[in-house]
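We will go stop by stop.

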Amino acid sequence: MLKSCSYCGRIHDSKKECRQKKEAEQKRWGNRKQTKALMFRRSTAWTDKSVQIRKRDNYMCLCCKALLEGTKNQYNTADLSVHHVIPIEEDYEQRLDDENLITVCGLHHEMCEAGKITRKVQIELVKESMNTYEHM
């Protein structure tokens, strides 16, 4: 069946993978293999949990809220994602633990991944957010 491609804009067989789509997927996923962690990140369980964590954190980056390095807006609600303090690859059992998940903006996500924001600081921010959420 012919279909308009959202990657290249051309019309081609929907079963054919165009070069632009292949390049975009390679850029996004790199050389990752179909690991257990990658499969989890594509699951409904993860989608549901990430929505729950964003809600708990009031749809704000907790690092910006705490005015950590790089903060431009204390109540930043843009470019958010949910980060695993202890990576899935390191401890798969903690992948859905509220205490292991924190809402961060893109900049702070990169800083968390690089270790510029320590796990200890991330855990403290999560605990503070959980305490606030429980008292609502």
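What follows is a short tour, one selection at a time.

**Before you start**

This is a predicted model, in which local features need pLDDT of at least 70, side-chain atom pairs count only at pLDDT 80 or more, and totals for chains, interfaces and linings use all residues. Residues are numbered from 1 along each chain as its sequence is written, and side-chain values use heavy atoms, with hydrogens and water left out.

**Stop 1: the main core**

Select Cys61, Cys63, Ile102 and Val104. They have the most contacts inside the largest nonpolar core, which has 15 residues. Such a core is a set of buried Ala, Val, Leu, Ile, Met, Phe, Trp, Tyr and Cys residues joined through side-chain atoms within 4.5 Å. Buried means under 20% relative accessible area, exposed over 50%, and partly exposed in between (1.4 Å probe, protein chains only). Now colour α4 (62-65), β4, α5 (106-114) and α6 (119-134): these elements each give two or more residues to the core. Helices (H or I, at least four residues) and strands (E, at least two) are DSSP runs, numbered from the N terminus.

Stay on Val104. Leaving out residues up to four places away in sequence, Val104 touches Cys61, Cys63, Asp79, Leu80, Ser81, His83, His109 and Cys112. Contact here means heavy atoms within 4.5 Å. A second, separate core has 7 residues, including Ala37, Val82, Ile88 and Leu101.

**Stop 2: the cysteines**

How many disulfides are there? The count is 0, a disulfide being a pair of cysteine sulfur atoms within 2.5 Å. Select Cys63: the nearest cysteine sulfur belongs to Cys112 and is 4.5 Å away. Cys63 is buried, at 0% relative accessible area. Cys18 is buried too, at 5%.

**Stop 3: the aromatic cluster**

Select Phe40, Trp46 and Tyr92, which form one aromatic cluster. Rings of Phe, Tyr and Trp (its six-membered ring) pair if their centres lie within 6.5 Å; planes under 30 degrees apart count as stacked, over 60 as edge-to-face and the rest as tilted. The structure holds 2 such pairs. Phe40 and Trp46 are tilted, 5.6 Å centre to centre with 55° between the planes. Phe40 and Tyr92 are edge-to-face, at 6.4 Å and 75°. Phe40 is buried at 6%, while Tyr92 is partly exposed at 21%.

**Stop 4: the salt bridges**

The whole structure has 5 salt bridges. Each is a side-chain nitrogen of Lys or Arg within 4 Å of a carboxyl oxygen of Asp or Glu. Select Arg41 and Glu89: their closest N and O atoms are 3.1 Å apart. Arg41 lies in helix α2 (residues 36-41) and Glu89 in the loop between β3 (80-84) and β4 (101-105), so the bridge ties together parts 48 residues apart in sequence. Glu89 is exposed at 57%.

Next, take Lys49 and Asp98, 2.6 Å apart at the closest N and O atoms. Lys49 is in helix α3 (residues 44-56) and Asp98 in the loop between β3 and β4, so this pair joins parts 49 residues apart in sequence. Lys49 is buried at 12%; Asp98 is partly exposed at 22%.

**Stop 5: Asn100**

End at Asn100, in the loop between β3 and β4. Is Asn100 buried or exposed? Asn100 is buried, at 2% relative accessible area. Its side chain reaches the backbone nitrogen of Ile86 at 2.7 Å.

Technical notes
Polar contact = N/O pair within 3.5 Å; in protein donor to acceptor, adjacent residues only side chain to side chain.
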